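Q: Could you walk me through some of the packing in this one? I have the sequence and the model open.
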Amino acid sequence: MLISIIIPVYNAEKLLSKCLDSVQNQTYKDLEIILVNDGSTDQSGFICDEYSKKDNRFKVIHKENGGVSSARNTALNIAKGRYVGFIDSDDWVEPQMFENLYKIIKEYHADISICNYFKDSENKSEINSSLESGIISYNQEQALNTILDSSSFKGYLWNKLFSLEIIKQNHITFDEKIHFCEDLLFCCQYLLKSKLVVYDTSAYYHYIIHGSNVSQSQFSEKKLTSLKGLVEIIELLREVEGIKLNKFKNYYMHMNISLLMNGIKENKCNKESLDELKKNLSRYPLNTLNEKSVKFSCVIGRISVRSLFFIWKISRKG
């Protein structure tokens, strides 16, 4: 059964070969590996072409830079696999990852299979959570209520195997105007069309934490789009029975406060964005937020953003 693996590539020459080697050496061999060179200005495009010359499972698309969502959508349009997985070009995977994800998605007749992951930094590698090794199955409600938990499988793309049929039939694509939390939005849209989720708590994916990770930046105008994505998720889930919306509202408010505080600190936030972030502090009633620290920050921020910023700075020093 063919599996399509989609890898967006942008200026990743230093880590790209390790990523591609780890995919090429998968114990599951029936792969279509789609590399989308998203307007790289370094040697990434050349590296992609070299792999395609040596292994015909690699397919390379060269396009103008349009962002990671554009790259993924481009690859989805040509993917031919029964299942599809996503990998970031600066990460790498264990040899048995896709064999195991395929095995459990078939064994459990699931709509999506997921594995745990390592967080690798310069000095150490640690597993995301300390759950006992085993397979956990979730229905739709359980999966959506778990996706934001720190010990869960989370809303990333790269530790999952999706059904391409479900994606195509339901016209699920990546919103190219959302640059952060676009993966969580995609996963939630997919889970809304799924009945059974299966999670292998063993870790097979290596998420690399380094200084150039885009997600490590504290504030940017692009990061503000995460709030649009989270609002869309909350609206999608509003009518779904049994979903704990307070978790998603809390996550939205936590993100908003972080962007507001870091935008003020770094003096990178224009007046229009600053006003919008301040206004967002009142988007959801306090009784719908489930974390005391977030609720407290909203109370203070609605009265005085300057006071909230002062408290935030003091708490960070502590």
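Q: Which residues of α7 meet which residues of α8?
A: In this predicted model, Leu-184, Leu-185, Cys-188 and Gln-189 are the α7 residues that meet α8, where their counterparts are Gly-229, Leu-230, Glu-232, Ile-233 and Leu-236. The residues of this contact divide into 6 nonpolar, 2 polar and 1 charged.

Q: And at what angle do α7 and α8 pack?
A: The angle is about 15°, and the axes of α7 and α8 (residues 225-237) lie 9 Å apart. Because angles under 35 degrees count as roughly parallel, α7 is roughly parallel to α8.

Q: Left-handed or right-handed, that crossing?
A: The crossing of α7 and α8 is left-handed.

Q: Switching to α3, which of its residues are buried?
A: In α3, which covers residues 68-78, the buried residues are Ser-69, Ser-70, Ala-71, Arg-72, Asn-73, Ala-75 and Leu-76.

Q: Why is β1 largely enclosed by the rest of the structure?
A: β1 is largely enclosed because 7 of its 7 residues are buried. Ile-3, Ile-5, Ile-7 and Val-9 point one way from the strand, while Ser-4, Ile-6 and Pro-8 point the other way, and all of them are buried.

Q: In what sense do β1 and β2 pair, parallel or antiparallel?
A: β1 and β2 pair in the parallel sense, over 7 bridges, and Ile-5 has Ile-33 as its bridge partner in β2.

Terms used: Residues numbered from 1 in each chain as written. Predicted model: local features only at pLDDT ≥ 70, side-chain atom pairs only at ≥ 80, totals over all residues. Heavy atoms only, no water. Buried < 20%, exposed > 50% of the residue type's maximum accessible area, 1.4 Å probe, protein only. Helix = DSSP H or I, 4+ residues; strand = E, 2+ residues; numbered from the N terminus. Axes fitted to C-alpha atoms, helices over the stretch in contact; angles between N-to-C directions. Parallel < 35°, antiparallel > 145°, perpendicular 65-115°, else oblique. Left-handed = near helix turned anticlockwise from the far one by under 90°. Contact = heavy atoms within 4.5 Å. Nonpolar A, V, L, I, M, F, W, Y, C, P; charged D, E, K, R; others polar. Pairing = 2+ DSSP bridges.
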